Amino acid sequence: MQSLPGFRDFLPDDCAVRNYIFARWREVARRYGFVEWDGPILEPTDLYKKKSGAEIVDQLFNFIDKGERAVAMRPELTPSLARLVAAHEREFKKPLKWFSIGQFFRYEKQQRGRLREHFQLNCDIIGEKDLAADIELVALCIDILRLFGFTEKDFVVRISDRDFWTDFLREKDVPTNRWDELLQAIDKSGREPREKTAQKLGELSDPIFSILKSGGKSRKLEQLVDGLRERGLADYIAIDVGIVRGLAYYTGIVFEVFDRAGKFRAIAGGGRYDNLIAQLSDEAVSMPALGFAMGDVVLGELMNETPHAREKLEHAIANERKMDIYVVIAKEQRRADALAQIQQFRDRGYRVDYPLTGEKVGKQFQTAEQLGARVAVLFGDEWPQVKVKTMASREELLIDNHELQSHIGRVLSRSS
Ligand code: HAM
């Protein structure tokens with residue numbers, strides 16, 4: 001039996017990487033004052049229809065459940081967030097700053113950087129229309145990547161403003177029912193042959209291509225750049241009006257994060273969606289909102305290919321895996337005494353391992369080494385004394401068994 005295409009097995013090494021990513025996502029989101037929440041994995045299919053845009057609806061993992069409901073595994077979190085916020089709006093002080101880490105499912109063609117399941121960090125600010133929130137969000141996104149060891153030479157946040165394009169379309173008297181299709185064509189223009197985009201853009205193709213070439217400008221984008229410059233983050237961003245975002249609900253500033261070399265798909269993406277909450281609540285609640293999501297797949301690939309980020313990852317994982325104590329049982333008669341001490345060590349929060357069945361002493365020390373144990377404690381002929389070996393210095397000491405706990409406490413606090 002094989003796993004389904006686009007679904008991953010997480011062996012212990014993969015889980016270690018995943019935990020490393022989640023821990024850093026959580027850490028920086030907390031530094032920015034975001035609180036954690038989550039929504040359900042399964043939602044009514046209707047939640048995503050129309051609201052997310054054609055691309056996502058085509059990619060839904062959806063089915064009819066045993067109660068005849070049309071349901072879908074969540075492809076993204078934003079519609080759930082909008083639904084939930086509209087329902088609980090009165091319970092929280094605005095603006096809300098919420099983050100979430102979870103798994104998402106899209107029936108995509110499997111390719112580098114795109115699978116059928118992936119994990120995302122979502123960070124959203126609800127109830128703030130000021131540009132200060134957009135700046136804060138981009139800064140948060142940059143700081144997360146910096147904590148992984150990436151620098152301005154490794155990645156860039158490409159920022160744009162959908163208003164820039166909707167103003168343009170309005171000026172050209174394009175009927176609003178064509179806007180979505182034109183915005184999608186602009187969004188794909190970087191990834192598609194020029195003729196294909198030109199065909200989609202029709203009579204607007206010349207002016208749009210010329211804007212894409214010369215780059216667009218807006219007061220709002222300039223203010224955003226200023227805000228990030230004040231924080232010393234200007235080197236991490238670039239204004240690029242070619243970024244429109246595939247999702248239908250965005251209304252203002254939008255951004256996507258790419259590796260500088262341009263080898264990978266987007267690492268993260270997001271923007272403002274000031275109308276979504278009103279749309280999903282049939283206008284009962286209206287609140288400005290903005291957010292972004294960062295995926296684990298491209299992030300993992302980029303870490304692998306960026307030596308300084310990979311070193312950081314490997315170092316952290318090796319440290320995280322280390323055992324504190326390995327107990328060597330040299331005489332089976334001492335096993336019960338050893339286990340009494342092991343129990344106490346674990347109660348005190350130490351990571352302790354030992355052989356479940358009899359093993360040669362040399363082999364046990366080898367295991368202690370492999371597990372990165374800081375000390376080995378040997379129960380054998382020396383009883384009622386035990387031998388404590390500090391693994392790094394190879395120093396050995398005989399200690400009375402009843403003094404073992406306090407001695408180990410001192411040794412480990414010294415070396416930690
Ligand atoms: P998105 O651009 O569709 O945005 O996804 C965000 C990130 O999730 C992408 O940049 C990518 O890293 C990752 N991702 C998406 N699809 C896949 C896939 N099939 N395989 C691997 N990674 C993937 C959203 O989902 C918006 N809801 C983000 C947002 C939050 N906007 C406002 N708040």
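Author: Buried means under 20% relative accessible area, exposed over 50%, and partly exposed in between (1.4 Å probe, protein chains only). This is a predicted model, where local features need pLDDT of at least 70, side-chain atom pairs count only at pLDDT 80 or more, and totals for chains, interfaces and linings use all residues. Residues are numbered from 1 along each chain as its sequence is written, and side-chain values use heavy atoms, with hydrogens and water left out.

Reader: Okay, why does Arg112 count as partly exposed?

Author: Arg112 comes out at 48% relative accessibility.

Reader: What does the pair Glu203 and Arg178 tie together?

Author: First the distance: the closest N and O atoms of Glu203 and Arg178 are 3.4 Å apart, which makes a salt bridge. Glu203 is in the loop between α7 (194-201) and α8 (205-214), and Arg178 is in the loop between α5 (162-171) and α6 (179-188), so the bridge ties together parts 25 residues apart in sequence. Glu203 is exposed at 60%, while Arg178 is partly exposed at 23%.

Reader: How about Arg394 and Glu369: what is the distance behind their salt bridge?

Author: Their closest N and O atoms lie 3.3 Å apart. Arg394 sits in the loop between β15 (385-390) and β16 (396-400) and Glu369 in helix α14 (residues 361-370), so this pair also ties together parts that are 25 residues apart in sequence. Arg394 has a relative accessible area of 46% and is partly exposed; Glu369, at 41%, is partly exposed too. Elsewhere, salt bridges with shared partners put Arg8, Glu117 and Asp296 into one network. The structure holds 36 salt bridges.

Reader: What makes the second largest pocket a pocket, and how much space lies in it?

Author: On a 1 Å grid over the protein atoms alone, a cavity is a set of points where a 1.4 Å probe fits but cannot get out, whereas a pocket is an open set with protein on both sides within 12 Å along at least five of seven lines; lining residues have an atom within 4 Å of a point. Grid points are joined across faces, edges and corners, and the volume is the space filled by probe spheres set on the points. For the second largest pocket that space is about 390 Å³. The lining has 18 residues, and Arg8, Asp14, Val17, Gly300 and Asn304 are the closest to the pocket's centre.

Reader: Which helix gives the most to that lining?

Author: α11 does, with 6 residues. α1 (12-31), α11 (296-305) and α12 (307-321) each supply at least two.

Reader: How many lining residues are charged?

Author: The lining has 8 charged residues, along with 8 nonpolar and 2 polar. Ala, Val, Leu, Ile, Met, Phe, Trp, Tyr, Cys and Pro count as nonpolar, Asp, Glu, Lys and Arg as charged, and the others, Gly among them, as polar.

Reader: Now the backbone: what is the omega of the bond from Lys94 to Pro95?

Author: Omega is near -5°, and that peptide bond is cis. Pro95 lies in the loop between α3 (78-88) and β5. The bond from Trp383 to Pro384 is cis as well, with omega near 5°, and Pro384 is in the loop between β14 (375-379) and β15.

Reader: What is the phi of Glu68?

Author: It is near 65°, a positive value in a residue other than glycine. Most residues other than glycine have a negative phi, and most peptide bonds are trans. Glu68 is in the loop between β3 (62-64) and β4 (70-73), and at 67% relative accessible area Glu68 is exposed.

Definitions and conventions. Helix = DSSP H or I, 4+ residues; strand = E, 2+ residues; numbered from the N terminus. Salt bridge = Lys/Arg side-chain N within 4 Å of Asp/Glu carboxyl O.
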